[in-house]
Structures are given as C-alpha cells and as structure tokens.
Amino acid sequence: MTEDEAKTKWCPFVRIVSVNHVLEAIRFMDEDNEINTACIASECMAWRFLPCDPDTDDVPHGYCGLAGKP
Ligand code: SF4
C-alpha cells in the first residue's frame, strides 16, 4: 500500500494510556487533544518499501515490516 493508505490504518503497536501514566505511552495527544493511532508509514523504523517499477509505479508502496511481508 502507499504511505497515504497506511496512514489511514490503525497501528497495532499503538498503546494508549491516560496522561497520568504518560511514561508508558508510545503516542501522545496532539495539539487538538486527539490521539493519533494511525500508522506513520516511513516515519516508523518498521516501514519497508517494496521494490519500485518506475514504468508502472508512480507512488512508492510499502508495508509494516512487523506484520510480515504482504
Ligand atoms: S510501520 Fe510502524 S507505525 Fe506503521 S503499523 Fe507498522 S509499527 Fe505501526
């Protein structure tokens, strides 16, 4: 999938905790007090790009490396 598609999916590794236990969180509330639980694609060390065919692929595709190869 593309990075934009991935960013619409829940990351299964997100952990949400109350602000009273913020040291246990791996994601934090943004400036609008929203918790972003979506995949962050190539901003995550686990994101893997698929080989690209410049003749047919205009947008790079990839996958979560922690979820196994597609
Ligand atoms: S690539 Fe990273 S952010 Fe995206 S689903 Fe996998 S672990 Fe979560």
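**Basis.** I am working with a predicted model, in which local features need pLDDT of at least 70 and side-chain atom pairs count only at pLDDT 80 or more, while totals for chains, interfaces and linings use all residues. I number residues from 1 along each chain as its sequence is written, and side-chain values use heavy atoms, with hydrogens and water left out.

**Ligand.** I found 10 residues surrounding the ligand, the closest being Cys11, Cys39, Ile40, Cys44 and Cys64; a residue is taken as near if one of its heavy atoms lies within 4 Å of the molecule. For Cys64 I noted a relative accessible area of 26%, so this cysteine is partly exposed, a class that lies between buried, under 20% relative accessible area, and exposed, over 50% (1.4 Å probe, protein chains only).

**Cysteines.** I looked for disulfides, meaning pairs of cysteine sulfur atoms within 2.5 Å, and the count came to 0. I also checked cysteine 52, which counts as partly exposed because its relative accessibility is 47%.

**Fold.** I read the pattern α-β-β along the sequence, from 1 helix and 2 strands in the protein; these are DSSP runs numbered from the N terminus, helices being H or I with at least four residues and strands being E with at least two. Of the 70 residues in the protein, buried ones make up 20%.

**Alanine 38.** Which two elements does the loop holding alanine 38 lie between? I placed this residue between helix 1 (3-6) and strand 1 (47-49), and alanine 38 counts as buried because its relative accessibility is 13%. I then found 8.1 Å between the C-alpha atoms of alanine 38 and valine 14, which are 24 residues apart along the chain.

**Aromatic rings.** I found 1 aromatic pair in the structure, and this edge-to-face pair is formed by tryptophan 47 and phenylalanine 49, at 6.2 Å centre to centre with 85° between the planes. Rings of Phe, Tyr and Trp (its six-membered ring) pair if their centres lie within 6.5 Å, with planes under 30 degrees apart counted as stacked, over 60 as edge-to-face and the rest as tilted. Tryptophan 47 counts as buried because its relative accessibility is 8%, whereas phenylalanine 49, with a relative accessible area of 46%, is partly exposed.
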